[in-house]
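Welcome! Have a look at the structure below, and then we will walk through it together.

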Amino acid sequence: MTTSVTIRRPDDWHLHLRDGAMLQAVASFSGHFGRAIIMPNLVPPVVTGAQAAAYRDRIQAALPGKVTLRPLMTLYLTEATDPADVVAAHAQGIISAVKLYPAGATTNSASGVRDFDKVRPVLDAMAEAGIPLLFHGEVTDPSVDIFDREAVFIDRVLDPIRRATPGLRVVMEHITTSDGVDYVLGNESIGATITTHHLIINRNHILAGGIRPHYYCLPVAKRETHRLALRKAATSGDGRFFLGTDSAPHPDRAKESACGCAGCFTAPNTMSILAQVFEEEGALEQLEAFTSLNGAAFYGIAPNEDRIRLVRRDTPAEYPTHIPAGDETVTVFDPGFPLYWHVEDPA
Ligand SMILES: NC(=O)N[C@@H](CC(=O)O)C(=O)O
Ligand SMILES: [Zn+2]
Ligand SMILES: [Zn+2]
């Protein structure tokens, strides 16, 4: 029986590090990762190359000396985004991608896109320059059931945009449905990130014996058939699927509220959880593809040279249930079972 696996250092292709005291509190928990695509949904959002460069510098300053995580920056697409600024920021190596949030779809998305035709010139310029577009793929139409918003987004928004701008490289972020999996499998030059928590929870977990705010994220977890489709995709080795934890810390005060906000904080225990998932699926040999190879290939960069080792021990790995963040606390994602896989870094 396999009790250890050595893999190239993983990358996180969808990460929220926030800013200020929260950034200071959470940055080191992503220290096992080599590179991370940093989400731009700050308040106010990161909309220009200059803002992305300044945010990158704040992240680097917040990382402890021993942590070598390299932040790969993104811009938050708005209807006022200047195509020339995007192309210049990419050419200068400041940004790796642009993020599209439909206005109102998720945390801090008020400045997102309402009229997709208005961003057509930016998307055309991105296709020309080979800059990936990352989607939060949910429609915001309140008449669409929240559990259907990803599937409807694919039909109403994603597919038309891809047809209108055929050269555009796109990543469907944090897919949560078999519809998302199937769309990826039916298309080329497309990638999809899958989170850690969507491999663990289905929608029942959010309402098990009461409302569980720490399992509420967007896109919201779906029914069990979808979770199983995600596990199959993640462990398949198919190069179009890669890890984006979507680790999204919020103060407990903001989540444990009459209107709790969306996001699961999975950075501290992600690799232990994933090793267990891949072991359960009989696919430990595919863990490296999902966490360390596929995403780098999609983004056109070499995988990390150094390695980490995951070792299954008899005693569970220890991780905090909460971390302090300034005057607040942040709850760490609870997978609901002990984690026997320990991370050894370096391998
Ligand atoms: N995933 C979430 O539930 N929340 C993210 C936003 C996002 O990625 O949609 C956040 O910024 O908190
Ligand atoms: Zn999102
Ligand atoms: Zn996110």
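## Two helices side by side

In this predicted model, helix α3 (residues 83-91) and helix α4 (residues 120-129) have axes that come within 9 Å and cross at roughly 25°. Angles under 35 degrees count as roughly parallel, and α3 and α4 are therefore roughly parallel to each other. Their crossing is right-handed.

Which residues make the contact? On α3 they are Pro83, Val86, Val87 and His90, and on α4 they are Pro121, Val122, Ala125, Met126 and Ala129. Sorted by class, the residues of this contact are eight nonpolar, one polar and no charged.

## The sheet

Next, follow the strands. Eight of them form an open sheet with parallel pairing, in the order β2-β3-β4-β5-β6-β7-β8-β9. At the edges are β2 (12-15) and β9 (241-243), each pairing on one side only. From one strand to the next, the twist averages 30°.

For a look at one pair, take β3 (residues 35-38) and β4 (residues 70-76), which are joined in the parallel sense over four bridges. Here Ile38 stands opposite Met73 in β4. Helix α11 (residues 287-299) packs on the sheet, where it touches β2, β5 (95-100), β8 (190-194) and β9. The direction of α11 makes about 115° with that of β9.

## Around the ligand

Definitions and conventions: Residues are numbered from 1 along each chain as its sequence is written. Chains are lettered from A and ligands numbered from 1 in the order in which they are written. This is a predicted model: local features need pLDDT of at least 70, side-chain atom pairs count only at pLDDT 80 or more; totals for chains, interfaces and linings use all residues. Axes are lines fitted to C-alpha atoms, for helices over the stretch in contact, and angles run from 0 to 180 degrees between N-to-C directions. Angles under 35 degrees count as roughly parallel, over 145 as roughly antiparallel, 65 to 115 as roughly perpendicular and the rest as oblique. A crossing is left-handed if the near helix is turned anticlockwise from the far one by less than a right angle, and right-handed if clockwise. Two residues are in contact if their C-beta atoms, placed from the backbone, lie within 7 Å. Ala, Val, Leu, Ile, Met, Phe, Trp, Tyr, Cys and Pro count as nonpolar, Asp, Glu, Lys and Arg as charged, and the others, Gly among them, as polar. Two strands pair if DSSP finds at least two bridges between them.
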